[in-house]
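Good morning. Please look at the screen first.

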Amino acid sequence: CYTLAEKIDFFMEIFDKIDTDGGGEIDRSEMLQALENAGLNITEEGVMTLFAMIDEDGNGDIDKDEWR
C-alpha cells in the first residue's frame, strides 16, 4: 500500500514525462503524444474534452497544480 505522498510523487513523475519540453505545463500536443505512446487511440477532440475537465484556468495548458 502506498502513502499519499508516494502517490503524489508518482503522478508528478508522470507529469514530468508528459511535459516533454520541460516548460512546467502540459499542452494538448504533449498530452496527445503521451496517450498515443501509451497505446491509447484518442482523437484530438478527446484530448480537448480531457483538457476541459482538468484545465481549471482555461489557458489551454495543464500546470502542476491542476494535475494534482
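I will go from the overall layout to the helices, and then to some charged residues and loops.

This is a predicted model, so local features need pLDDT of at least 70 and side-chain atom pairs count only at pLDDT 80 or more, while totals for chains, interfaces and linings use all residues. Residues are numbered from 1 along each chain as its sequence is written, and side-chain values use heavy atoms, with hydrogens and water left out.

Layout to begin with. The protein has 4 helices and 2 strands. Both kinds of element are DSSP runs numbered from the N terminus: helices are H or I with at least four residues, strands are E with at least two. In sequence order the pattern reads α-β-α-α-β-α. Taken along the principal axes, the C-alpha atoms fill a box of roughly 35 × 30 × 20 Å.

Of the 68 residues, 25% are buried. Buried means under 20% relative accessible area, exposed means over 50%, and partly exposed is in between, with a 1.4 Å probe and protein chains only. Next, contacts, meaning heavy atoms within 4.5 Å. Among contacts between residues at least 6 apart in sequence, 45% join residues at least 24 apart.

Now helix α1, residues 4-18. What span should its 15 residues have at 1.5 Å a residue? The expected span is 1.5 Å times one less than the number of residues. That gives 21 Å, and the end C-alpha atoms are 21 Å apart, which agrees.

Which residues of α1 are buried? They are M12, F15 and I18. These residues cover an arc of only 115° around the axis, so they sit on the same side of α1. The arc is that of the directions from the helix axis to the C-beta atoms. The elements covering these buried residues include β1 (25-26), α2 (28-37), β2 (62-63) and α4 (64-67).

In α2, the buried residues are E30, M31, L32 and L35. Their cover includes α1, β1, α3 (44-54), β2 and α4. Just after α2, G39 takes a positive phi of about 90°.

On to charges. Side chains of opposite charge can pair when their charged atoms come close. The rule for a salt bridge is a side-chain nitrogen of Lys or Arg within 4 Å of a carboxyl oxygen of Asp or Glu. How many salt bridges does this rule give? The count comes to 1 salt bridge. D16 and K64 form a salt bridge through their side chains, at 3.2 Å from N to O. This pair links distant parts of the chain, with D16 in helix α1 and K64 in helix α4, 48 residues apart. D16 counts as partly exposed because its relative accessibility is 43%. K64 also has a value in the partly exposed range, at 34%.

For charge, Lys and Arg count as positive and Asp and Glu as negative, while His and the chain ends are not counted. D63, in strand β2, is buried yet has no salt bridge, and the nearest side chain of opposite charge, R68, is 8.2 Å away. What does the side chain of D63 reach? It reaches the backbone nitrogen of E66 at 2.8 Å. A polar atom of the D63 side chain also lies 3.1 Å from the backbone nitrogen of D65. Leaving aside neighbours within four places in sequence, D63 is in contact with F15, G24, E25 and D57.

The other aspartate is D61, in the loop between α3 and β2. D61 is buried and has no salt bridge either; R28, the nearest side chain of opposite charge, is 7.3 Å away. With neighbours within four places set aside, the contacts of D61 are E25, I26, D27, F51, D55 and E66.

Last, the loops. T43 lies in the loop between α2 and α3, and its side chain reaches the backbone nitrogen of G46 at 3.0 Å. L40 is found in the loop between α2 and α3, and at 47% relative accessibility L40 counts as partly exposed. T20 is in the loop between α1 and β1. Is T20 buried or exposed? At 65% relative accessibility, T20 counts as exposed. From C-alpha to C-alpha, T20 and N59 are 18 Å apart in space, and 39 residues apart in sequence.

That is the end of the talk.

Definitions and conventions:
Polar contact = N/O pair within 3.5 Å; in protein donor to acceptor, adjacent residues only side chain to side chain.
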